[in-house]
Amino acid sequence: MYNINKVREDFPILSRKVYGKPLVYLDNAATTQKPLCVLDAMREEYLNVNANVHRGVHYLSQQATDLHEAAREKVRQFINARKTEEIVFTRGTTEAINLIASSFCESQMKEGDEVLVSDMEHHSNIVPWQLQAQRKGIVVRHLPIDDKGCLVSCDAIEDYMTERTKLVSIAHVSNVLGTINDVQHIVEMAHSRGIPVLIDGAQSAPHMKIDVQQLDCDFYAFSGHKMYGPTGIGVLYGKEEWLEKLPPYQGGGEMIDKVSWEKTTFERLPFKFEAGTPDYVATHGLATAIDYITSLGLDNIEAHEQELTRYCMEQLKTIDGMRIFGEAEQKDAVVSFLVGDIHHLDMGTLLDRLGIAVRTGHHCAQPLMDRLGISGTVRASFALYNTKEEIDVLVAGIRRVSQMF
């Protein structure tokens with residue numbers, strides 16, 4: 001295991017105080033803090049290498065381009081894609097899913113065709129498909145979950161796949177329940193019927209090893225800011241044969257081969273999907289974040305965070321009136337809860353006054369809240385720098401707030 005105290009030194013924000021209390025940051029499923037190495041790398045590029053990429057013959061442009069494309073290769077290695085052509089830079093998971101929703105529906109779906117999602121999806125994996133339903137008449141179907149927060153049995157999942165199902169789009173890990181879905185098995189079932197699969201990896205890429213070739217998924221999306229990188233940068237992985245089939249999502253500079261009044265032809269992969277100036281500094285920051293977590297070891301990170309999750313669940317269950325949502329056997333890094341009749345906003349607000357940062361509300365998963373029969377939860381989510389001592393502070397804070405009510 002890595003030295004947690006040394007790790008925490010890499011994140012100066014963790015040593016600050018909030019309302020005079022030491023900060024306990026447990027909102028990592030929303031965004032993670034950034035290590036100094038990421039901040040230093042981005043500052044260094046702005047100071048010494050700032051120039052637009054791909055278009056210039058001058059030294060700075062060539063140097064910036066090299067860093068940008070090195071970041072693409074870094075991402076390729078991180079998720080074990082076959083080629084850098086399969087790595088498309090986006091603004092985040094949301095844009096990546098919107099890209100597929102737009103391009104896939106335009107070229108591969110017609111009225112009445114179905115996309116299959118689940119009851120535990122983030123709005124980013126619901127609303128883009130609903131927009132396509134309004135525009136094109138596709139049908140959005142959703143897999144149910146059981147009371148533990150798990151998808152229905154594999155046999156039942158297969159029943160939801162019909163001859164009209166053209167795509168399965170599923171979360172790898174729920175941002176509310178922490179449930180780790182068996183996406184590899186879902187891919188196998190879908191592929192046996194000739195159905196491609198998109199995986200929302202926003203909550204999995206920071207916490208576990210991802211091998212897209214082993215998963216055999218057709219598309220995989222994740223965000224930089226949830227894995228200690230900068231905001232505004234994300235990744236869409238797509239199998240080369242699929243990306244070749246799909247039309248561009250946006251038009252403009254960078255994504256073209258030749259433009260005339262009569263016809264425009266498009267650039268080769270992955271640039272066909274990267275219109276405009278990319279955030280080339282953020283890609284360098286993402287690559288640095290990948291180097292950082294790789295140096296700590298994803299196996300170490302996963303073991304540490306799962307131990308935190310187990311410990312948190314055990315301690316929370318000692319509190320009177322505690323209700324935990326999501327008790328799957330395969331669970332990681334997220335615990336959502338309510339205590340008695342205390343409103344989640346009241347609990348979160350009062351915990352904040354104790355220096356404890358948690359998330360409250362529906363967590364961009366209102367259909368899931370409807371399934372659970374609640375309006376929202378309090379969510380504590382963990383990262384590689386969190387400690388059991390911080391969980392003890394959380395538990396003590398919850399007890400204190402509960403006594404107030």
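This is a predicted model: local features need pLDDT of at least 70, side-chain atom pairs count only at pLDDT 80 or more; totals for chains, interfaces and linings use all residues.

## H3 against H10

H3 passes H10 in a left-handed crossing (the near helix is turned anticlockwise from the far one by less than a right angle). Their axes, lines fitted to C-alpha atoms over the stretch in contact, with angles running from 0 to 180 degrees between N-to-C directions, come within 8 Å and cross at roughly 40°.

Numbering starts from 1 along each chain as its sequence is written, and side-chain values use heavy atoms, leaving out hydrogens and water.

## Who touches whom

On the H3 side, Leu 67, His 68, Ala 71, Lys 74, Val 75 and Phe 78 make the contact (heavy atoms within 4.5 Å). Their partners in H10 include Tyr 280, His 284, Ala 287, Asp 291 and Thr 294.

## H11

Helices here are DSSP runs (H or I) of at least four residues, strands (E) at least two, numbered from the N terminus. Among the buried residues of H11 are Leu 298, His 304, Glu 305, Tyr 311 and Leu 316, buried being under 20% relative accessible area with a 1.4 Å probe, protein chains only. The buried set packs against helices H1, H3, H10 and H14, plus strands E13 and E14.

Key: Buried means under 20% relative accessible area, exposed over 50%, partly exposed in between (1.4 Å probe, protein chains only).
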